[in-house]
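Welcome to a short tour of a protein model. Have a look at the sequence and the fold below, and then we will walk through some of the contacts together.

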Amino acid sequence: MKDHMKYEEGMEVLDSDVDKLVLEAAAAYDSDSYTASDVRRAIYAANLGPEDFAALLSPAAAPFLEEIAQAAQRETRKHFGNSIYMFTPVYISNYCENHCIYCGFNCKNKIRRAKLDFEEIETEMQAIAQTGLQEVLILTGESPNMSDVAYIGEACKIARKYFKVIGLEIYPVNSEDYKYLHECGADYVTVFQETYNPDKYETLHLAGNKRVFPYRIYAQERALLGGMRGVGFAALLGLDDFRRDAFATGMHAYYVQRKYPHAEIAFSCPRLRPIINNDKINPRDVHEAQLLQVVCAYRLFMPFASITISTRECERVRNSLIRIAATKISAGVNVGIGGRSGEEKGDEQFEIDDIRTVDEVYRAIEAQGLQPVMNDYIYV
């Protein structure tokens with residue numbers, strides 16, 4: 001079995017110390033060391049530092065959740081007004097070469113595998129565009145053999161005919177590959193590190209390129225070097241200690257932002273969901289109050305960052321979070337392969353909870369006195 005901390009042949013190695021900084025910060029984080037006074041200081045700090053962020057994620061912050069939420073809401077309205085940005089993911093392939101024990105796509109799972117051809121991708125994009133959305137997030141399973149960079153690039157070119165903003169959530173690639181995908185029309189890249197605990201990471205990722213921890217942690221930097229204007233960060237909350245993983249996620253974004261000040265930073269806040277063929281995953285419980293705590297801590301620590309809340313969460317939770325701190329929401333979601341324009345050809349990655357259409361989510365945003373926004377970027 002390959003060493004999860006060593007690069008494989010062909011993987012680009014950057015001259016950067018971000019991984020060292022993030023892992024040192026995460027290792028030193030003791031969530032139980034913070035007090036009520038630390039939390040109060042953080043809530044009312046003009047500019048939060050890492051210690052303030054750490055305090056907001058600690059158990060000591062739980063009694064102050066209402067104050068934290070109010071502070072996060074003020075910060076959100078200050079920088080984003082009432083705008084809530086809408087998008088949808090589109091899965092074009094579910095072939096995967098990784099053995100990740102928590103994922104429905106993992107190569108050992110007996111699921112229906114499918115890959116859309118370019119005509120089918122165009123049909124999917126047309127169907128989505130008819131809903132009025134102007135942003136899509138293109139996703140594949142992590143299989144360079146079945147979904148190579150050229151294939152993903154063609155999907156981006158097709159999507160650019162219909163949408164103003166195109167995101168990617170694919171397997172990590174080298175900076176030259178990100179440059180090519182950017183030239184094909186991609187604007188930003190999101191990569192879930194899953195967990196920032198290298199030891200836990202090793203036990204969860206048993207085979208495939210995803211097993212290589214450092215290559216994954218540098219994906220956002222390579223994407224920025226390739227010309228992407230934005231990068232997204234996330235841990236899959238529930239795989240390990242969610243407080244430490246959320247802290248590491250924030251610190252990862254913090255160090256990347258300092259190194260690349262022009263980068264647009266985004267957070268996703270996914271909780272572990274049930275998957276096909278695996279009822280043995282026992283999530284480390286992350287309840288709704290704890291999810292709110294994480295989302296608000298991200299907002300107060302990095303006020304300009306976009307925060308996405310996905311259909312892993314139910315309608316009630318999503319409505320609540322966009323009122324307080326989340327600024328981006330998916331709608332009309334189908335996580336199978338080819339389900340938008342006809343019969344679904346391949347199985348989904350995980351179960352979703354919010355099945356509302358684009359129109360239903362749009363109206364729900366308006367009902368809360370917020371403004372749905374379909375496009376957050378204009379090319380000149």
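Axes here are lines fitted to C-alpha atoms, for helices over the stretch in contact, and angles run from 0 to 180 degrees between N-to-C directions. Please keep in mind that this is a predicted model.

Two packed helices are described by the angle between their axes and the distance between the axes.

| Pair | Angle between axes | Distance between axes |
|---|---|---|
| H11 (residues 242-259) and H12 (residues 288-301) | about 20° | 11 Å |
| H12 and H13 (residues 315-324) | roughly 30° | within 11 Å |
| H4 (residues 65-80) and H12 | about 45° | 9 Å |

Let us begin with H11 and H12, whose axes meet at an angle of about 20°. Angles under 35 degrees count as roughly parallel, and H11 and H12 are therefore roughly parallel to each other. The crossing in which H11 passes H12 is right-handed. On the H11 side, the contact is made by Phe242, Arg243, Ala246, Thr249, Gly250, Met251 and Tyr254, while H12 brings Gln290, Gln293, Val294, Tyr298 and Phe301. Sorted by class, this contact of H11 with H12 holds 7 nonpolar, 4 polar and 1 charged residues.

Next comes the pair of H12 and H13, with axes that cross at roughly 30°. That angle makes H12 roughly parallel to H13. H12 passes H13 in a right-handed crossing. Here Glu288, Leu291, Leu292, Val295 and Cys296 of H12 meet Arg316, Val317, Leu321 and Ile324 of H13. The contact of H12 with H13 divides into 7 nonpolar, no polar and 2 charged residues.

How are H4 and H12 placed relative to each other? With an angle of about 45° between their axes, H4 and H12 are therefore oblique to each other. H4 passes H12 in a left-handed crossing. From H4, the residues in contact are Leu65, Ile68, Ala69, Ala71, Ala72, Glu75, Thr76 and Phe80, and from H12 they are Ala289, Leu292, Gln293, Cys296, Arg299 and Leu300. By class, the contact of H4 with H12 has 10 nonpolar, 2 polar and 2 charged residues.

What does Ile138 touch, not counting residues up to four places away in sequence? Its contacts are Val90, Ile92, Met125, Ala155, Cys156, Ala159, Ile166, Gly167, Leu168, Glu169 and Ile170.

**Two residues to look up**

Thr190 lies in strand E5 (residues 188-194). Is Thr190 buried or exposed? Its relative accessibility is 7%, so Thr190 counts as buried. Leaving aside neighbours within four places in sequence, Thr190 is in contact with Leu168, Glu169, Gly232 and Ser268.

Ala46 lies in the loop between helix H2 (36-43) and helix H3 (50-56). At 76% relative accessibility, Ala46 counts as exposed. Ala46 and Leu300 are 254 residues apart in sequence, and in space they are 9.6 Å apart, C-alpha to C-alpha. Leu300 is also one of the H12 residues in the contact with H4, which brings us back to the helix we started with.

Methods. Residues are numbered from 1 along each chain as its sequence is written. This is a predicted model: local features need pLDDT of at least 70, side-chain atom pairs count only at pLDDT 80 or more; totals for chains, interfaces and linings use all residues. Side-chain values use heavy atoms; hydrogens and water are left out. Helices (H or I, at least four residues) and strands (E, at least two) are DSSP runs, numbered from the N terminus. Angles under 35 degrees count as roughly parallel, over 145 as roughly antiparallel, 65 to 115 as roughly perpendicular and the rest as oblique. A crossing is left-handed if the near helix is turned anticlockwise from the far one by less than a right angle, and right-handed if clockwise. Contact means heavy atoms within 4.5 Å. Ala, Val, Leu, Ile, Met, Phe, Trp, Tyr, Cys and Pro count as nonpolar, Asp, Glu, Lys and Arg as charged, and the others, Gly among them, as polar. Buried means under 20% relative accessible area, exposed over 50%, partly exposed in between (1.4 Å probe, protein chains only).
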